[in-house]
Amino acid sequence: MRIPAHSVCTAIRDDIVAGVYERGGRLTEELLARRYGVSRVPVREALRTLEAEGFVVTRRHAGACVAEPTEQEAADLLEMRQLLEPLGASRAARRRTDAHLKVLRGLVRLGQERARQGNSDDLRSLGGWFHETLIQASGSPALTSMLTQLRHKIEWMYAVEGPADPVAYWAEHGAIVDAVARGDGDRARTLTALHTEQASAGHRLRFASGADRAVRAERVRNSQHPVNMPSLRH
């Protein structure tokens, strides 16, 4: 059975974001095919997609390698998100469905509950689901795809500090949903812009030590990661 290239692409991207492959490191088709339990064909297609997304570069005499973004490129990603997420919230106020509102309100309730309990373990994933649902409510596949790629890259390049006041942080989410529910696009845009700007202040560029890189290299050499295992995110 031929494994779809998009599944291989997701697996490689997830490992790049997780730091399994060091920046600048080679990505040989043979190693990747062995690691994910597939042939070279879907690996080759996946690498082309990841190159278009900016995670991979092709170098003369080296082939495919993990990209090495500059600090300016990383800063540009945060700025792009600060521009696009408010746009998505504004559109969501006009295009959201009742189903979107139900999910958003449920996430806000759960986030507020976890924040009051001081349980921070789930808050990051809940925040990610909230923003994914908000942008899906915009009814713009192009905008959704662009912001999804931005989130992957930002997760790859930055370590994120939790909010100083999680309760207030989730109250901001609630206010955004209220504006979206009322169809107030201007209010939704303004609140999301403030929220995203404040959240960006907690991002710190990742800098792996030599020891970290050695551990990751050893992990790649000794592991096999079939793409059809249920543990993978799709």
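**Close-up 1. Arg59 and its partner Glu68.** Arg59 is partly exposed at a relative accessible area of 32%; buried here means under 20% relative accessible area, exposed means over 50%, and partly exposed is what falls in between, using a 1.4 Å probe and protein chains only. Its side chain meets that of Glu68 in a salt bridge, 2.8 Å from N to O. The term covers a side-chain nitrogen of Lys or Arg within 4 Å of a carboxyl oxygen of Asp or Glu. Glu68 is partly exposed too, with 48% relative accessible area.

This is a predicted model, where local features need pLDDT of at least 70, side-chain atom pairs count only at pLDDT 80 or more, and totals for chains, interfaces and linings use all residues. Residues are numbered from 1 along each chain as its sequence is written, and side-chain values use heavy atoms, with hydrogens and water left out.

**Close-up 2. Arg35 and Asp15, a salt bridge between two helices.** Here the side chains of Arg35 and Asp15 pair up at 2.8 Å, N to O. Arg35 sits in helix 2 (residues 29-36) and Asp15 in helix 1 (residues 5-18), so the bridge ties together parts that are 20 residues apart in sequence. Helices are DSSP runs of H or I with at least four residues, numbered from the N terminus. Arg35 is buried at 6% relative accessibility, and Asp15 is buried at 7%.

**Close-up 3. Arg114 with Asp122.** The closest N and O atoms of this salt bridge are 3.1 Å apart. Arg114 counts as buried at 19% relative accessibility, while Asp122 is partly exposed at 30%. Glu113 joins in as well: salt bridges with shared partners link Glu113, Arg114 and Asp122 into one network.
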